[in-house]
Amino acid sequence: MQVKPRTDAEFSVRSDEFVWDSDQSTAIHALVERPIVDRLRRHGAKQVLDLGSGNGAFSGLLKSAGFDVTGLEHSRSGVVAAQRRFPD
């Protein structure tokens, strides 16, 4: 029996790996971007380590806001999506 990895639309905690099938921002990014950026600026942050950066979409938003961002992701599909969208 072959088990198909779940996509972000079908995610389950039983999945061995969260499979990213999109390199786009999600709805939650629109809700959390401004408060996070504001807090980082209030604290004088210049560099951000995005742990569990997924497909890199939120890291990209932070980079667009002027931060030097490093993303760290365990999921192979997330790394592939992030590298495709942000080759540098």
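Which pattern does the protein follow when read along the sequence? The order is α-β-α-β-α. The protein has three helices and two strands. Here helices (H or I, at least four residues) and strands (E, at least two) are DSSP runs, numbered from the N terminus. The model is predicted: local features need pLDDT of at least 70, side-chain atom pairs count only at pLDDT 80 or more, and totals for chains, interfaces and linings use all residues. Residues are numbered from 1 along each chain as its sequence is written, and side-chain values use heavy atoms, with hydrogens and water left out.

Burial was computed next. Of the 88 residues in the protein, 27% are buried. Buried means under 20% relative accessible area, exposed means over 50%, and partly exposed lies in between (1.4 Å probe, protein chains only).

Helix 1 spans residues 27–42. Helix 2 covers residues 57–64. The two helices pack at an angle of about 45°, and their axes are 11 Å apart. Helix 1 is therefore oblique to helix 2. Angles under 35 degrees count as roughly parallel, over 145 as roughly antiparallel, 65 to 115 as roughly perpendicular, and the rest as oblique. Axes are lines fitted to C-alpha atoms, for helices over the stretch in contact, and angles run from 0 to 180 degrees between N-to-C directions. The crossing of helix 1 and helix 2 is right-handed.

A salt bridge is a side-chain nitrogen of Lys or Arg within 4 Å of a carboxyl oxygen of Asp or Glu. By this rule the count is one. Asp38 is partly exposed because its relative accessibility is 31%. Arg34, at 45%, is also partly exposed.

A nonpolar patch lies on the surface. Leu49, Leu51 and Leu72 form this patch, with about 330 Å² of accessible area together. Patches are made of residues with over 30% relative accessible area and no salt bridge: like charges are joined within 9 Å, nonpolar side chains (Val, Leu, Ile, Met, Phe, Trp, Tyr) within 5 Å. Accessible areas come from the Shrake-Rupley method with a 1.4 Å probe; for residues, only the protein chains shown count as cover. Leu51 sits in strand 1 (residues 47–51). Leu51 has a relative accessible area of 60%, so it counts as exposed.

Ala65 lies in the loop between helix 2 and strand 2 (68–72). Ala65 is partly exposed, at 22%. Ala65 and Val37 are 28 residues apart in sequence and 7.4 Å apart in space, C-alpha to C-alpha. Gln24 is in the segment before helix 1. Gln24 and Ala81 are 57 residues apart in sequence and 9.0 Å apart in space, C-alpha to C-alpha.

Conventions
A crossing is left-handed if the near helix is turned anticlockwise from the far one by less than a right angle, and right-handed if clockwise.
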